[in-house]
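Please look through the sequence and the structure below. A short briefing on the fold, the ring pairs and the surface follows.

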Amino acid sequence: MIHEPSTTWQKIARRIRVPVGFAFAVLYIWLAHPTGKSLAIGTVFVTAGIAVRALASGHLKKNEELATSGPYAYTRNPLYFGSLILALGFAIAARNWWIAALLVLIFVTIYVPVIGAEEAFLRTKFPEFAKYSAEVPRVIPCFRSPRPYQPGFSWGLYLKHREYNAAIGSVALLAALIAKLLWNFQTTALSSIS
């Protein structure tokens, strides 16, 4: 948990990111034009994003120690990297450029400032963060990291951080897309009969 983000917008971004996400989900369902193929491809990315987030959360001891094991050896922010993969999957599944543009806008205006605030906090809390941040990229992983991969995933941490909520939300959103696809298919079939 970040106690003192360094700018007013970072404070606002931290507070609004969840409500914006829920509002966007409603808009997302309305704007989405899924097909069977777009859903299949999108689901592959969504699953990968959930896996990255799950793996990262099982290595994170918030405010206790600097996470550098597991996926943190390749990116300082594997949770956000996993979220980017999830967003890509949902953009593909929806087949709508407006959705893709809005996802980029949300990431740039909300998540980039939040990442900055979180890293400012880590820099003050953990002196070793300066060296770590010089070696490991911020979001997009480098798979030639000078830090060796260290196992140490903990189901206890995964459950503590309630990361399963990302999986539950993703399954619900995919189910809504499937329902919309079936509804559109049925509506098209009925209109072609009459």
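Two rings of Phe, Tyr or Trp (its six-membered ring) count as a pair if their centres lie within 6.5 Å, and a pair is stacked if the planes are under 30 degrees apart. This is a predicted model, and it holds 9 aromatic pairs.

**Aromatic pairs**
- Phe-107 and Tyr-111 are a stacked pair because their ring centres are 6.3 Å apart and their planes meet at 15 degrees.
- Both residues of this pair, Phe-107 and Tyr-111, belong to helix α4 (residues 97–125). They are 4 residues apart, which is about one turn of the helix.
- Tyr-111 has a relative accessible area of 23%, so Tyr-111 is partly exposed.
- Phe-153, Trp-155, Tyr-158 and Tyr-164 form a cluster linked by ring pairs.

**Nonpolar surface patch**
- A nonpolar patch on the surface is made of Val-104, Val-108 and Val-112, which together have about 240 Å² of accessible area.
- Val-112 is in helix α4, and Val-112 counts as partly exposed because its relative accessibility is 36%.

**The whole chain**
- The protein chain has 7 helices and 0 strands, and its pattern along the sequence is α-α-α-α-α-α-α.
- The C-alpha atoms fill a box of roughly 70 × 35 × 30 Å along the principal axes.
- Of the 194 residues in the protein chain, 40% are buried.
- The protein chain exposes about 11,200 Å², and 70% of this area comes from carbon and sulfur atoms.
- Among contacts between residues at least 6 apart in sequence, 82% join residues at least 24 apart.

Technical notes:
Residues numbered from 1 in each chain as written. Predicted model: local features only at pLDDT ≥ 70, side-chain atom pairs only at ≥ 80, totals over all residues. Heavy atoms only, no water. Phe/Tyr/Trp six-rings, centres within 6.5 Å; stacked < 30°, edge-to-face > 60°. Helix = DSSP H or I, 4+ residues; strand = E, 2+ residues; numbered from the N terminus. Buried < 20%, exposed > 50% of the residue type's maximum accessible area, 1.4 Å probe, protein only. Patch = residues over 30% accessible without salt bridge, like charges linked within 9 Å, V, L, I, M, F, W, Y side chains within 5 Å. Areas by Shrake-Rupley, 256 points an atom, 1.4 Å probe, with all protein chains shown as cover. Salt bridge = Lys/Arg side-chain N within 4 Å of Asp/Glu carboxyl O. Contact = heavy atoms within 4.5 Å.
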